[in-house]
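Here is a short briefing on one protein chain.

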Amino acid sequence: MTTTSAKAAPGALLRYVPGLLLLAGIGLLGKWAQLELQAVGKATHTALPDIEYVLWAIVIGAVISNTVGLHPVFRAGVGTYELWLKIGIVLLGARYVLGDLAKLGGVSIVLVFIDVAVATGIVLLLGRVFKLGAKLSSLLAIGTAICGVSAIIAGKGAIEAEEEDSGYAIAAILALGAVALFSFPLIGHALNLSEQEFGLWAGLAVDNTAETTATGALYSAHAQDVAVLVKSTRNALIGFVVLAYALYFSARGQAAKVAAGFLPRAGFVWRKFPKFVLGFLAVSALATVGVLGKAEVASLGNLSKWAFLLTFAGVGLNFNLARMRRSGWRPFVVGALALLVVAGTALVEVLVASRVVGL
């Protein structure tokens, strides 16, 4: 039995190779396109736009996904893009010392709580107006307020939502993440937001973690760092928010009962808690106490860029317009209106905080 398992393991790992190679190829092609456009601009003395590899990788992946499609042989490897996102975020912790985290984290926690309350309230209200089911509205609210697809998946099991509801909610969140990805940097530059301000705004207002990371990266490296930190703060609330929805629906007999008592409910929160947030903090702590020197921090920063390169290619390859069209228009309208309100509210929060706290 052990021998059979040992033989099966290499075969199981090999099925990831084609997709990983595709992710790497698209990411590198995106980087090449950015550098090549820069070279053409210099050679012709033309002020061509500096289009970041992030956008190239996402667009190339989306074109492949929505034209020739993704062959089954690539799906296992492409499906790892969220793992690379988490690895990239953990490695990014090396670029923050705990003092920086405490300073920005204190401000971001207050803003995150305001953001979560606004997002939850507006989505649930709009869900009633557009006559969405209670569980679909709840999944949209969880995805908008906390961390996109991961929160929806966690919420689906906790409130025993239908597969169709979670599919609608995920499609809406991904589509709106793409809208934010393309529009937020343009708005940020038009308003002349600082890197810190833009990172805070993206971290508060963009739903899905991958799109938040990409949106920040399109503005600047520092904006990406800040966006990831603020988004990680939102992500850390997932267990508590999902628990609240689970208690609500179980009290109405529409989901399984959540065990009473502190320990069972603490265990529930821990199971839903995104563990990569702890990894981010652990790496930051190592950098703070000097275990990681400048060379190690630089190396980890480069590794995080490689991880994000695979991530952004995966974001594009998972953007499927046909699947989103099948989801109907009402979840998208609710999500779009919520995005407008949340983005506007978050922008005001950031500008006020910037003036008062001096970010």
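Among contacts in the chain between residues at least 6 apart in sequence, 80% join residues at least 24 apart. Contact means heavy atoms within 4.5 Å. The model is predicted: local features need pLDDT of at least 70, side-chain atom pairs count only at pLDDT 80 or more, and totals for chains, interfaces and linings use all residues. Residues are numbered from 1 along each chain as its sequence is written, and side-chain values use heavy atoms, leaving out hydrogens and water.

**Build**
- The chain has 18 helices and 0 strands; these are DSSP runs numbered from the N terminus, with helices (H or I) of at least four residues and strands (E) of at least two.
- The C-alpha trace spans about 65 × 65 × 45 Å along its principal axes.

**Surface and burial**
- Of the 359 residues, 50% count as buried, meaning under 20% relative accessible area with a 1.4 Å probe, protein chains only.
- The accessible surface comes to about 16600 Å², by the Shrake-Rupley method with a 1.4 Å probe.
- Carbon and sulfur atoms hold 69% of that surface.

**Helix H11**
- Among the buried residues of H11 are Glu-211, Gly-216 and Tyr-219.
- Their cover includes helix H3 (53–66), helix H5 (81–92), helix H9 (163–190), helix H10 (195–205), helix H12 (221–235) and helix H16 (294–317).
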